[in-house]
Amino acid sequence: MSVGRIRIRMESYDHQALDVSAKEIVDHAKRTSAKVAGPVPLPTRIERYTVLRSPFIDKKSREQFEIRTHKRIIDITEPNARTVEALNRLVVPAGVFIKIKA
């Protein structure tokens with residue numbers, strides 16, 4: 001089962017959990033003698049929301065919130081069956097979303 005390249009895209013609101021997961025994936029891939037490129041940080045998506053503090057008297061008083069989505073890409077070239085098996089058995093923390101493209 002030889003695939004030319006595996007691309008792993010990771011997203012999380014917590015950048016520390018994301019970096020730990022990326023390091024773990026790179027370690028597993030290197031242990032199975034596959035070549036690894038990354039993790040490459042992608043631009044952080046920032047979503048800002050402005051909400052009224054009080055709808056009646058303090059109409060001009062507003063509160064702002066933001067959600068930051070951090071993203072990373074890891075490319076694994078020359079993977080073997082052991083690499084694919086290690087990636088399938090990998091457990092990542094809650095809040096880290098992984099998409100694997102072969």
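**Terms and values in this model**

Reader: Why does D75 count as buried?
Author: D75 has a relative accessibility of 15%. Buried means under 20% relative accessible area, exposed over 50%, and partly exposed in between, with a 1.4 Å probe and protein chains only as cover. The value of 15% is therefore in the buried class. The model is predicted: local features need pLDDT of at least 70, side-chain atom pairs count only at pLDDT 80 or more, and totals for chains, interfaces and linings use all residues. Residues are numbered from 1 along each chain as its sequence is written, and side-chain values use heavy atoms, with hydrogens and water left out.

Reader: What makes the pair of R7 and D75 a salt bridge?
Author: The closest N and O atoms of R7 and D75 are 2.8 Å apart. A salt bridge is a side-chain nitrogen of Lys or Arg within 4 Å of a carboxyl oxygen of Asp or Glu, so the pair qualifies. R7 is in strand β1 and D75 in strand β3, 68 residues apart, and the pair links distant parts of the chain. Strands are DSSP runs of E with at least two residues, helices are runs of H or I with at least four, and both are numbered from the N terminus. R7 is partly exposed, at 31% relative accessible area.

Reader: Which distance puts R72 and D19 in a salt bridge?
Author: The N to O distance between R72 and D19 is 3.0 Å. This pair also links distant parts of the chain: R72 is in strand β3 and D19 in helix α1, 53 residues apart. R72 is buried at 13% relative accessible area, whereas D19 is partly exposed at 36%.

Reader: How do you know that the span of helix α1 agrees with its number of residues?
Author: The expected span is 1.5 Å times one less than the number of residues. For the 17 residues of α1 (residues 15-31) that gives 24 Å, and the end C-alpha atoms are 24 Å apart, so the two agree. The buried residues of α1 include A17, L18 and I25. Among the elements that cover the buried residues of α1 are β1, β2 and β4.

Reader: What makes the approach of D14 to Q16 a polar contact?
Author: At the start of α1, a side-chain oxygen of D14 comes within 3.4 Å of the backbone nitrogen of Q16. A polar contact is a pair of N or O atoms within 3.5 Å; within protein, one must be able to donate a hydrogen and the other to accept it, and residues adjacent in sequence count only if both atoms are side-chain atoms. The 3.4 Å value is within that limit, so the pair counts.

Reader: Is T32 buried or exposed?
Author: T32 counts as buried, because its relative accessibility is 7%. T32 is in the loop between α1 and β2, and its side chain reaches the backbone oxygen of A29 at 2.9 Å. T32 also touches N80, R82, T83 and A86, not counting residues up to four places away in sequence; contact means heavy atoms within 4.5 Å.

Reader: And why is S33 called exposed?
Author: S33 has a relative accessible area of 57%, which puts S33 in the exposed class. S33 lies in the loop between α1 and β2, and its phi is near 60°, a positive value in a residue other than glycine.
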